[in-house]
Amino acid sequence: MNIKYLLIILLVASQSIFASEKQIDPKEIQKNLRCLVCQGQSISDSNSDFAQTIKMVVDDLINEGLTEAEIYSFMSDKYGEWIVFKPQLNIQNLLLWILPYMALILGGFFIIRLFNTKNKITK
Amino acid sequence: MISNFGNFLLFASIVLSLSIIYLSNKNLKLNGNQITKIIFQLSLIQSTLVVICFFTLIAAFIVSDFSLITVYQNSHSMKPIFYKITGTWGNHEGSLMLWVIILTIFSFLFLIYNKNHPKKFRLLTLIIQNILIIGFLFFILLNSNPFSPLSPIPKEGLGLNPILQDPALAIHPPLLYIGFVGSSIYFSAAIASLISNYSEKNFASSIKNWILISWSFQTLGILVGSIWAYYELGWGGFWFWDPVENASLLPWFAMTALFHSIIVFEKRNLFYFWVIILCLMTFILSVTGTFLVRSGILNSVHTFASDPTRGIYILSFLSLMIFGSVFLLFKKYKTENYNLNQNSKETFVLVNNWFMMFYLVTVLLGTIYPIFTDALSQNKISVGPPFYNAIIFPVVVIFLIFMAIGPNASWIKNKFDNIKLYFLILIGAILINLMIILFFKNFSILSNFIIISALFLILSSLKDFVISKKKNNLDLARIITHASFGFLVLFIGLNHISSVEKDYNMKIGEIKKFDNYSIEFKNLELKDFINYQAVVGEFEILKEKDRNILKPEIRIYSNPKTLTYEASIKTSFIKDYYLTMSNIDRSDYYNIKFQEKPFMIWIWLSVIMIVCGGLLRFFKNAKNS
Amino acid sequence: MQKIVKTIIFLIFLFILSVFFIGLNRDTNYNTANQINKEIPDFKVSYIDEENFFTKNDLRKNNFTLINFWASWCAPCRIEHPLLIRLSEEKNMKIVGVNFKDKKEHAKKFLGELGNPYDVSTKDMNGKQSVLFGIYGIPESILVNKELIVIKKFVGPLSVNDLNYIKEIIKQ
């Protein structure tokens with residue numbers, strides 16, 4: 001009984017935590033776009049002409065109602081995947097996203113195997 | 001002629017290396033445990049010659065001897081003398097000299113500090129290390145010679161780039177090299193150990209302190225690089241998951257894993273082959289990093305100017321190292337018998353290694369994956385902070401908890417003291433986190449978890465300190481390092497969630513207000529300095545009663561024609577104010593980026609404390625032995 | 001260690017090092033070839049002299065079109081300009097100029113000084129329309145056919161080789 005109330009309270013409380021994350025933040029998007037004429041800087045950090053233009057375009061796209069994912073899609077359509085710092089979730093990048101956690105799980109197996117195969121010392 | 005003298009010394013060093021290898025080999029065939037004096041003498045002379053060679057190059061920079069291509073390309077007579085000196089290693093060719101110095105000095109020191117170890121092991125280490133040294137000397141002589149002459153001799157040099165004239169940038173390479181170049185010595189020792197079958201615990205004690213020193217300096221080097229990025233690059237961040245940054249982080253993960261495993265190996269003679277693999281891995285990753293940075297294969301903020309033959313040479317060297325190590329390992333590998341309990345300290349060391357390997361795989365993958373997609377499918381992708389943050393941060397949460405619990409597990413045994421105490425600490429951590437939420441603001445679920453586990457680590461370390469002080473078995477080095485790591489994550493987390501960032505286009509006289517801040521563009525001045533002109537903006541930042549004046553600059557250098565943006569940073573213990581100003585083409589508006597970054601100085605201090613822990617342990621070890 | 005494990009490990013290292021070797025020989029300059037073989041986007045630029053708009057459909061009557069993005073303040077644009085003048089003599093292709101983030105007087109002065117190769121002169125004052133084409137620096141030029149498919153994108157000033165390439169293509 002008590003746990004149910006606790007869960008409800010937690011759910012309500014967590015809504016306020018989640019709520020602040022729903023809006024699109026142009027800064028976040030700018031940070032995730034690469035300035036193509038700079039040496040590795042993001043659009044957010046760069047003062048180049050190109051960066052200024054892209055910032056305006058991003059603002060326009062947000063006003064048109066595009067979601068964050070759609071904006072990235074728009075940019076990579078025009079400029080190629082290189083412009084987005086977060087590698088897209090497609091077949092080509094599958095290994096990139098999966099291998100780290102696979103390595104983690106594999107490592108876990110290795111360690112557990114060390115316990116199972118040998119005798120345990122009792123004292 | 002400096003050029004001839006330098007080349008002569010390089011050539012002499014090669015001859016010395018070959019002699020050392022030859023004589024060591026001869027000595028190996030003799031009976032007894034005595035190493036002939038001449039080998040020591042030659043090693044000492046070798047180090048001395050390389051140091052003299054390096055100083056010769058420095059001298060060439062100081063006097064601005066433009067008959068050397070390297071001096072011409074990277075120096076200038078008007079450079080302040082401090083930067084003339086440090087500019088010696090701020091370029092590709094000069095930095096290779098630094099590589100060789102560390103390789104040779106470490107080679108000599110390892111030889112003389114390991115008198116209690118078998119002759120075969122010591123001589124084989126010396127031989128392998130000298131093979132590495134010869135490899136680099138050939139690289140220098142054939143491809144990247146700082147003493148290459150230039151004719152006709154130009155009147156002035158090209159190297160007046162103001163961005164490179166910075167104290168932090170000057171000390172950054174030497175620190176890092178003692179780190180990852182220093183790891184060469186335990187690479188060689190590992191190979192020697194495999195060949196000579198020297199696999200007892202004593203092997204651990206021969207390399208333990210070298211691992212500690214290289215790890216401490218690697219950490220320090222990474223710190224200085226981040227501090228430089230923060231102060232100089234003007235975006236207010238200190239880590240960008242840039243390939244060059246990652247290149248320095250990869251060996252660090254291996255070193256940390258190695259340092260923990262060697263404790264187990266020394267205490268209980270377990271995991272020998274894993275320790276060997278880590279020793280080999282560290283230096284291999286160091287050379288891989290060098291390859292990625294200098295070959296031009298990656299595009300990064302930091303890359304040296306690139307030359308394809310450089311890349312081919314380093315890649316060949318790397319391949320030889322990798323295949324040599326792999327084949328040797330295949331030949332010598334024997335399965336070991338393990339008797340492990342689940343709750344023993346050995347297990348927790350394995351857990352550390354497990355997580356370190358995870359971080360390593362993630363960062364390595366992120367760094368080299370674009371190379372694969374570009375080479376195999378002509379498609380260029382970027383792997384930046386969103387990838388690394390998404391993959392690594394969740395795992396850090398659990399990692400911190402293990403860091404807190406692990407050191408308190410007992411060797412071998414299966415029991416676990418004080419579970420109740422840990423629950424109390426966890427509740428304490430959650431309460432503090434709640435206070436942080438109330439005091440600052442709401443933040444994401446993940447950030448909550450990270451802060452809670454960081455607090456858990458800090459409080460556990462405090463608990464450990466109090467308890468072990470009473471019991472008189474205080475391991476101060478470990479407590480400092482682990483607690484400081486907890487602080488590092490805590491402050492990075494707090495900094496991230498409560499940073500304020502605003503971007504405005506402003507004209508002189510304008511005031512922008514937001515929340516309880518106000519930014520006023522008060523004045524613009526043109527100032528003349530010896531080698532640059534500065535456009536200095538004066539801004540007043542008003543936050544409630546707190547008033548600060550910040551003066552960012554746009555610097556116009558004439559030789560070479562560059563524009564730099566100097567951030568104005570006001571540091572205090574609570575927060576940094578960070579302001580950059582840049583001009584907008586064809587307009588009299590300026591683009592202003594204002595940031596308030598809490599706890600920056602605590603982030604730096606945390607890393608310094610981590611290094612202190614490492615050095616403390618080193619000095620303790622040195623004292624004991 | 002079993003043979004299989006050893007072979008796999010060896011092959012993995014061989015693979016990684018081979019890819020590094022291939023990567024060494026790749027060109028690191030970025031070329032936004034993304035738009036090639038796709039139809040150009042819906043765009044709207046105003047004529048340099050009036051407020052009317054010039055759009056995609058206005059291009060359909062041309063056999064081939066070269067869309068050239070330029071500005072008076074851009075030094076490489078001066079260098080490529082003579083080549084554009086030569087191209088303007090081609091019968092089978094029209095050249096559309098998009099004046100990028102510039103001032104009308106400066107643009108006119110530039111064209112007066114160096115000649116006007118453009119069949120149509122348009123402008124993109126804030127650079128936003130150019131983004132639709134994937135432009136990130138100037139000068140850039142896009143060669144389009146009658147179906148409005150992008151044949152090639154030239155990043156940077158046109159070279160003589162580019163000139164010959166274009167002449168070949170538009171012969172068909």
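How many residues of chain B are in contact with chain A, and how many of chain A with chain B? The model is predicted: local features need pLDDT of at least 70, side-chain atom pairs count only at pLDDT 80 or more, and totals for chains, interfaces and linings use all residues. Residues are numbered from 1 along each chain as its sequence is written, and chains are lettered from A and ligands numbered from 1 in the order in which they are written.

To the question, then. On chain B 39 residues are in contact with 36 residues of chain A; contact means that the C-beta atoms, placed from the backbone, lie within 7 Å. Helix 13 of chain B gives the largest share of the chain B side, ten residues. Helices here are DSSP runs of H or I with at least four residues, strands are runs of E with at least two, and both are numbered from the N terminus. By type, that side of chain B divides into 19 nonpolar, 16 polar and four charged residues. Ala, Val, Leu, Ile, Met, Phe, Trp, Tyr, Cys and Pro count as nonpolar, Asp, Glu, Lys and Arg as charged, and the others, Gly among them, as polar.

Next, the inside of chain B. Its domains are domain 1 (1–159), domain 2 (388–498) and domain 3 (500–601), with bounds from an automatic or database domain assignment. The largest nonpolar core has 206 residues, and among those touching the most other members are B:V100, B:I211 and B:L360. Such a core is a set of buried Ala, Val, Leu, Ile, Met, Phe, Trp, Tyr and Cys residues joined through C-beta atoms within 7 Å; buried means 20 or more other C-beta atoms within 10 Å of the residue's own. Helix 13 (residues 345–377) of chain B gives the most to this core, 19 residues. Domain 1 and domain 2 of chain B both contribute residues, so the core lies between them. The C-alpha centres of these two domains are 45 Å apart.

Last, chain C. There are 15 residues of chain C in contact with 19 residues of chain B, and the chain C side has eleven nonpolar, two polar and two charged residues. Chain C has five helices and seven strands. Its radius of gyration is 21 Å, well over the 16 Å from the globule rule for 172 residues, so chain C is more spread out than a compact globule. The radius is taken over C-alpha atoms, and the rule is 2.2 Å times the number of residues to the power 0.38. Buried residues make up 35% of chain C.

Technical notes
Two residues are in contact if their C-beta atoms, placed from the backbone, lie within 7 Å. A residue is buried if 20 or more other C-beta atoms lie within 10 Å of its own, exposed if 12 or fewer, and partly exposed in between; C-beta atoms are placed from the backbone.
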